[in-house]
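Please look over the sequence and the structure shown below before reading on.

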Amino acid sequence: MQTTSQMKALDERYYMPAFSREIAIVKGEGSKVWDADGKEYIDCVAGIAVCSTGHCHPAVVKAICDQAHQLIHCSNLYYVPHQGEVAKKLVEVTGMHKAFFSNSGAEATDGALKLARVRTGRKKFIAFTHGFHGRTIGSLAVTHKPAIREPFEPLGMVKTFVEYGDLEGLKKAIDSDTAGVIVEPIQGEAGVIIPPDSFFEGIREICDKSGALMIVDEVQTGMGRTGKWLAMQHTKVQPDIVTLAKGIASGFPMGALVAREGLEFKKSEHGSTFAGGPLACAAALATAGVIEKVLPEVSRKGERFAQGLAPYNPRVRGLMIGVTLGDRCPEVQKKCAEEGVLVNCAADGNLRLVPPLTISDAEIDSVVKVINGALG
């Protein structure tokens, strides 16, 4: 096995420097990972909310291996093993009508934007400040952060950004050519920003009056992250389209969009070579089974984090936790890593924790102790 220095040398020579990184993770089990030098960490990054069932969950590993022995890839020109089963499961747990698969959250966003355009016949979109929806051309167009969006403009999408939480601003921005309003139920990359439920009730009402579609980006918040299958299920609002990814297949690349009745792609309107392949669907089906078992405990585990970090006024919804630290955030992140806990800094100096849904109480207590020590 390569050492960290060997991996770093290869990376510096041959890989484009798009990421800032120091640690080389080579092994994972449950909520723990090990680096190339043998150091153990409790992982509260979890691939950024991806490893929902923990690292290498036996049920997921078995499902992938069993399927790999049978069929690794099958074109969507044919019926794909497990694809219908996963679509059925997602429809059941989300309350939507039909699903379509992608390879990532960004692709799911692109699909949602295409679906909104083709079914409404309209061209414009409204998104919100500090929102993050992906880095493909389409998803980047509705991603707010100027530093990552503006270097690539023009992006070919007519869009307006409204302040997150501002319903009056949304009313002024929406018009008869608005195809959709895209929103995160909790802004993850912005630092776990949780708005009041009335915000989403207002969006629903405004969309209903204007004929625009309500598109909810649950890429980070979905698949049990907040204690329910969807974060929107904490409200009474039913969106028109929902995007999913991250925790959907325990780390195997996969995304999905689910939509209400009357919203679906017709033949040849959308497609993908790899999306919804046999391995991805096997992983997703096993992941859903594990999430179903641990979901009742997610809110309680989040409350345990909330109590342990109470002096720092954490924002907590299930196992999605944000703490505002400002300029101290990078220092605290580094100190936590030194003490064997991986956390990350989201935007504006916000510490973000999105651990596996399977994290134990003892591990939560260890994480809290390390963070309190780093802050103290």
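A residue is called buried when its relative accessible area is under 20%, exposed when the value is over 50%, and partly exposed in between, using a 1.4 Å probe and protein chains only. By that rule Cys336 is buried, with a relative accessible area of 0%. The model is a predicted one, in which local features need pLDDT of at least 70 and side-chain atom pairs count only at pLDDT 80 or more, while totals for chains, interfaces and linings use all residues. Residues are numbered from 1 along each chain as its sequence is written, and side-chain values use heavy atoms, with hydrogens and water left out.

**Cysteines**

- A disulfide is here a pair of cysteine sulfur atoms within 2.5 Å, and by this rule the count comes to 1 disulfide.
- Cys329 and Cys345 form a disulfide, with their sulfur atoms 2.3 Å apart.
- This pair links distant parts of the chain, since Cys329 belongs to helix 11 (residues 329-338) and Cys345 to strand 14 (residues 344-345), 16 residues apart; helices (H or I, at least four residues) and strands (E, at least two) are DSSP runs, numbered from the N terminus.
- The link of Cys329 and Cys345 is left-handed, with -110 degrees about the S-S bond.
- Cys329 counts as buried at 1% relative accessibility, whereas Cys345, at 24%, counts as partly exposed.

**Helix packing**

- Two packed helices are described by the angle between their axes and by the distance between the axes. The axes are lines fitted to C-alpha atoms, for helices over the stretch in contact, and the angles run from 0 to 180 degrees between N-to-C directions.
- Helix 10 (residues 278-308) and helix 12 (residues 361-375) pack at an angle of about 25 degrees, and their axes are 10 Å apart.
- Helix 10 and helix 12 are therefore roughly parallel to each other, because angles under 35 degrees count as roughly parallel, over 145 as roughly antiparallel, 65 to 115 as roughly perpendicular and the rest as oblique.
- The crossing of helix 10 and helix 12 is right-handed; a crossing is left-handed if the near helix is turned anticlockwise from the far one by less than a right angle, and right-handed if clockwise.
- Among the residues that make this contact are Arg300, Arg304 and Phe305 of helix 10, and Asp361, Ile364 and Asp365 of helix 12, where contact means heavy atoms within 4.5 Å.
- By class, the contact of helix 10 with helix 12 has 4 nonpolar, 2 polar and 5 charged residues; Ala, Val, Leu, Ile, Met, Phe, Trp, Tyr, Cys and Pro count as nonpolar, Asp, Glu, Lys and Arg as charged, and the others, Gly among them, as polar.
- Helix 4 (residues 83-94) also packs with helix 10, at an angle of about 35 degrees and with the axes 8 Å apart, and the crossing of helix 4 and helix 10 is left-handed.
- Helix 4 contributes Gln83, Glu85, Val86 and Lys89 to the contact, and helix 10 contributes Cys281, Ala284, Leu285, Ala288 and Glu292; these residues divide into 5 nonpolar, 1 polar and 3 charged.

**Loop residues and their contacts**

- Val50 has its place in the loop between helix 2 (46-49) and helix 3 (58-70), and Val50 is buried, with a relative accessible area of 16%.
- Val50 and Phe252 are 202 residues apart in sequence, yet 8.8 Å apart in space, C-alpha to C-alpha.
- Not counting residues up to four places away in sequence, Val50 touches Lys246, Gly247, Ser250 and Gly251.
- Asp177, in the loop between helix 8 (167-173) and strand 7 (178-183), is partly exposed, with a relative accessible area of 28%.
- Leaving aside its neighbours within four places in sequence, Asp177 is in contact with Arg122, Lys123 and Lys124.

**Backbone features**

- The peptide bond from Glu153 to Pro154 is cis, with omega near 5 degrees.
- Ile48 has a positive phi of about 60 degrees although it is not a glycine, and Ile48 is found in helix 2.
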